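Visitor: I'd like to learn how to read this one, starting with where the chains meet. Can you walk me through it?

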Number of protein chains: 2
Amino acid sequence: MRKIIGIGTGPGASDLLTVRAVQTIENEDVIFAPNNRGKNMALDTVRPYLQDQKIVMLDFPMGQSTDETYQKARDTIYESLAEDDTGVFLNIGDSSIYSTFLNMMNGEENHKFDIEIIPGIPSFIAAANIMQMNLVKKGETLMLLDEVAEDTELTADAFAILKTSKLESTLDILDAQGYDYGYIEYASLENELVLTDREEMLKRKNYISLLIARKKQG
Amino acid sequence: MRKIIGIGTGPGASDLLTVRAVQTIENEDVIFAPNNRGKNMALDTVRPYLQDQKIVMLDFPMGQSTDETYQKARDTIYESLAEDDTGVFLNIGDSSIYSTFLNMMNGEENHKFDIEIIPGIPSFIAAANIMQMNLVKKGETLMLLDEVAEDTELTADAFAILKTSKLESTLDILDAQGYDYGYIEYASLENELVLTDREEMLKRKNYISLLIARKKQG
């Protein structure tokens with residue numbers, strides 16, 4: 001059976017991959033990498049560990065992948081590997097958090113694969129480390145979500161909000177309900193930017209960004 | 001100023017540290033490691049990367065650390081480092097999730113330190129990877145908590161429950177409210193155990209365990 005190893009490539013810095021991820025990338029011959037309209041963030045992250053592996057790009061337009069996108073990618077992977085071959089699939093962040101890899105592999109299956117997954121540092125974890133923020137302490141709760149709908153009542157002590165397309169209404173909700181927050185773009189990369197001022201945040205528009213919020217003390 | 005680098009050592013397997021964590025441990029001379037009543041999980045994880053570094057153990061009895069515990073640890077770190085020295089503090093999992101490191105460093109400060117943090121793979125992320133579970137998909141929410149209080153109304157699509165001391169009442173709540181779940185002990189270690197059967201889970205009693213739950217489909 002063909003085998004595919006999903007690797008979480010983390011937030012973007014090449015040295016934030018795990019040792020196991022690096023060893024696996026160095027040992028395998030075929031690397032599948034997502035292409036998001038010409039941006040190849042996962043592949044850029046692992047570039048220092050590539051030598052003569054074969055790279056196969058798979059189209060995943062961010063936020064617009066459909067069942068057909070996943071089926072096409074599975075077909076390409078299947079055809080790119082011989083029986084009993086192993087390939088690596090690069091997934092930004094971690095494969096269990098808003099991921100491409102498990103969405104792709106859990107779809108309706110025309111092909112059978114052995115699956116292994118190697119974890120990566122999720123972007124919100126990298127962001128909390130950079131901001132030196134204790135996201136969640138004993139007895140507290142943390143909620144992850146991709147977007148905050150209007151009129152949401154926030155019931156957790158802390159939030160990681162992984163998309164910032166509704167930034168202004170999200171900040172309104174956080175302000176009204178008593179949360180401190182920080183904004184980060186390109187966590188761990190050269191162009192990393194951390195903002196704590198609301199007005200500065202509202203000037204930005206970048207899809208590699210997220211918000212972290214914590215209920216104000218007292 | 002003295003500098004302390006907090007390193008997330010991940011779930012326990014030595015090759016699930018990040019490349020940056022390993023390089024930092026190999027380059028520094030003084031390593032501070034938590035001792036939980038004779039168990040030194042973070043130190044065990046980094047053992048393959050130790051040569052002649054000085055190891056200083058700090059007592060943190062799991063779940064019973066007080067302001068005094070943290071103050072004593074800070075005093076020991078301060079006294080173990082000369083002015084302008086750097087030390088490494090090992091934190092199991094990641095330093096932003098129910099962590100020792102930021103609790104310790106954010107306390108009332110008698111001493112000033114420069115602080116840097118290197119992220120680690122949180123245990124619930126390792127668990128989801130092992131179970132090949134897509135914790136949270138587009139439009140969904142994931143909540144982290146350490147314990148589920150009785151009569152809790154579960155409002156997220158998925159949960160990571162990091163302590164299993166109230167296992168039976170927690171499973172009752174998950175069953176009643178329509179969640180699938182998996183239990184894991186020692187994620188990524190040799191004695192790793194994954195259970196999906198409720199009765200099997202109830203026979204276990206292990207503090208290095210957690211639950212992952214997802215709302216049933218349809």
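Visitor: How many residue pairs are in polar contact between chain A and chain B?
Guide: A polar contact is a pair of N or O atoms within 3.5 Å; within protein, one must be able to donate a hydrogen and the other to accept it, and residues adjacent in sequence count only if both atoms are side-chain atoms. Between chain A and chain B the count is 24 residue pairs, both at pLDDT 80 or more. On the side of chain A that touches chain B, the elements giving two or more residues are α1 (19–27), α4 (101–105), β5 (113–118), α5 (123–130) and β6 (141–145) of chain A. Of these, β6(A) gives the most, with five residues. (Helices, H or I with at least four residues, and strands, E with at least two, are DSSP runs numbered from the N terminus.)

Visitor: Before we go on, what are the ground rules?
Guide: This is a predicted model: local features need pLDDT of at least 70, side-chain atom pairs count only at pLDDT 80 or more, and totals for chains, interfaces and linings use all residues. Residues are numbered from 1 along each chain as its sequence is written, chains are lettered from A and ligands numbered from 1 in the order in which they are written, and side-chain values use heavy atoms, with hydrogens and water left out.

Visitor: How many residues does each chain bring to the contact?
Guide: Contact means heavy atoms within 4.5 Å. Chain A brings 47 residues and chain B brings 47 residues. Buried area is the accessible area (1.4 Å probe) that two parts lose on being put together, summed over both; here it comes to about 3,900 Å², 57% of it on carbon and sulfur atoms.

Visitor: And which salt bridges cross over?
Guide: The rule wants a side-chain nitrogen of Lys or Arg within 4 Å of a carboxyl oxygen of Asp or Glu. It finds two across this interface, including Arg20(A) with Asp15(B) at 2.8 Å, N to O. Over all chains there are 24 salt bridges. Another one is Arg2(B) with Glu83(B), at 3.0 Å. Arg2(B) sits in β1 (residues 2–8) of chain B and Glu83(B) in the loop between α3 (67–80) and β4 (86–91) of chain B, so the pair ties together parts 81 residues apart in sequence.

Visitor: In what sense do β6(A) and β6 of chain B pair?
Guide: Two strands pair if DSSP finds at least two bridges between them. This pair runs antiparallel over five bridges, and Thr141(A) stands opposite Leu145(B). Both strands belong to an open sheet of 10 strands with mixed pairing, ordered β9(A)-β8(A)-β10(A)-β7(A)-β6(A)-β6(B)-β7(B)-β10(B)-β8(B)-β9(B). At the edges are β9 (193–195) of chain A and β9 (193–195) of chain B, each pairing on one side only.

Visitor: What's the strand order in the five-strand sheet of chain B?
Guide: Look for β3-β2-β4-β1-β5, an open sheet with parallel pairing. β3 (54–59) and β5 (113–118) of chain B each have a single partner strand, so one side of each is left without a neighbour in the sheet. For angles, axes are lines fitted to C-alpha atoms, for helices over the stretch in contact, and angles run from 0 to 180 degrees between N-to-C directions. Helix α1 (residues 19–27) of chain B lies across β1, β2, β4 and β5 of chain B, at about 140° to β1(B).
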